[in-house]
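Me: Here is a model that I would like to go through by question and answer, beginning with the surroundings of a single side chain.

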Amino acid sequence: MQYDAGPGDRSDRPWDSPAKKQRPQAKRRRVTLPPWALLTILVAIIILLCVGLVLIIKAIRNGGDEETPVPSTAFTAEVAPSATTSLLELTDGEPPTATVVLPVSTPPVTALPTQIRPGALVVVTNTKPDQLALRESPTKSAAVVVWAPDDTVLTVLEGPQQADGYTWWKVRTIDGEEEGWAAADWLVLKTEE
């Protein structure tokens with residue numbers, strides 16, 4: 001066993017050699033924040049996450065149901081000064097300039113639907129001497145909710161569904177009191193307002 005007296009000729013450790021310079025070790029500083037700053041950062045992150053979540057939920061719920069505004073078309077025409085001198089007074093020797101804005105609007109086209117769909121109005125037809133049964137579910141074996149005579153106007157709520165060889169539509173009476181499933185064979189689209 002050798003005695004190590006320190007750096008020098010007698011040292012048997014290579015790191016203790018006097019030719020090797022000692023390098024100072026870098027001190028690592030730890031960033032510490034006061035508790036109120038950490039709490040503030042945490043609350044800010046939670047608020048941002050909540051706002052983002054609310055925006056995502058609104059976007060999903062709207063699902064493109066936002067109505068697109070219909071622009072009203074405006075036509076702008078510049079009138080030549082020579083054509084307007086009799087209508088306008090000349091000021092400071094400059095020829096007057098008139099701008100005429102003519103609103104051009106096209107009425108919305110409200111075409112009646114060409115086939116039965118939810119939201120359409122239908123009329124019961126060709127059931128005489130019987131009446132059309134509005135049933136609890138779209139099947140012939142379902143219980144009858146109400147009987148609808150010919151010329152009864154109904155609002156289509158949902159459908160179509162296929163069952164028992166018929167196409168069924170869920171309908172509601174105009175007074176809104178009764179709803180049921182009706183076979184499409186005895187329904188025609190209401191064509192007049």
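**An aspartate and its loop neighbours**

Me: Which backbone nitrogen does the side chain of Asp150 reach?
Reply: This is a predicted model, in which local features need pLDDT of at least 70 and side-chain atom pairs count only at pLDDT 80 or more, whereas totals for chains, interfaces and linings use all residues. Residues are numbered from 1 along each chain as its sequence is written, and side-chain values use heavy atoms, with hydrogens and water left out. At 3.4 Å, the side chain of Asp150 reaches the backbone nitrogen of Asn126.

Me: Where is Asp150 placed?
Reply: Helices and strands here are DSSP runs, numbered from the N terminus (helices are H or I, at least four residues; strands are E, at least two). By that numbering, Asp150 is in the loop between strand 5 (144-148) and strand 6 (153-163).

Me: Which side chain of opposite charge is nearest to Asp150, a buried residue with no salt bridge?
Reply: Buried means under 20% relative accessible area, exposed over 50% and partly exposed in between, with a 1.4 Å probe and protein chains only. Lys and Arg count as positive and Asp and Glu as negative, while His and the chain ends are not counted. A salt bridge needs a side-chain nitrogen of Lys or Arg within 4 Å of a carboxyl oxygen of Asp or Glu. For Asp150 the nearest side chain of opposite charge is 4.6 Å away, and it belongs to Lys128.

Me: What is omega for the cis peptide bond that joins Lys128 and Pro129?
Reply: Pro129 also sits in the loop between strand 3 and strand 4. The cis bond joining Lys128 and Pro129 has an omega of about 5°.

Me: How many residues does the largest nonpolar core have?
Reply: A nonpolar core is a set of buried Ala, Val, Leu, Ile, Met, Phe, Trp, Tyr and Cys residues joined through side-chain atoms within 4.5 Å. In the largest one, the residues with the most contacts inside it are Ile116, Val122, Leu154, Trp169, Val171 and Leu187. Two or more residues come from each of strand 3 (121-124), strand 4 (132-135), strand 6, strand 7 (166-173) and strand 9 (187-189).

Technical notes:
A polar contact is a pair of N or O atoms within 3.5 Å; within protein, one must be able to donate a hydrogen and the other to accept it, and residues adjacent in sequence count only if both atoms are side-chain atoms.
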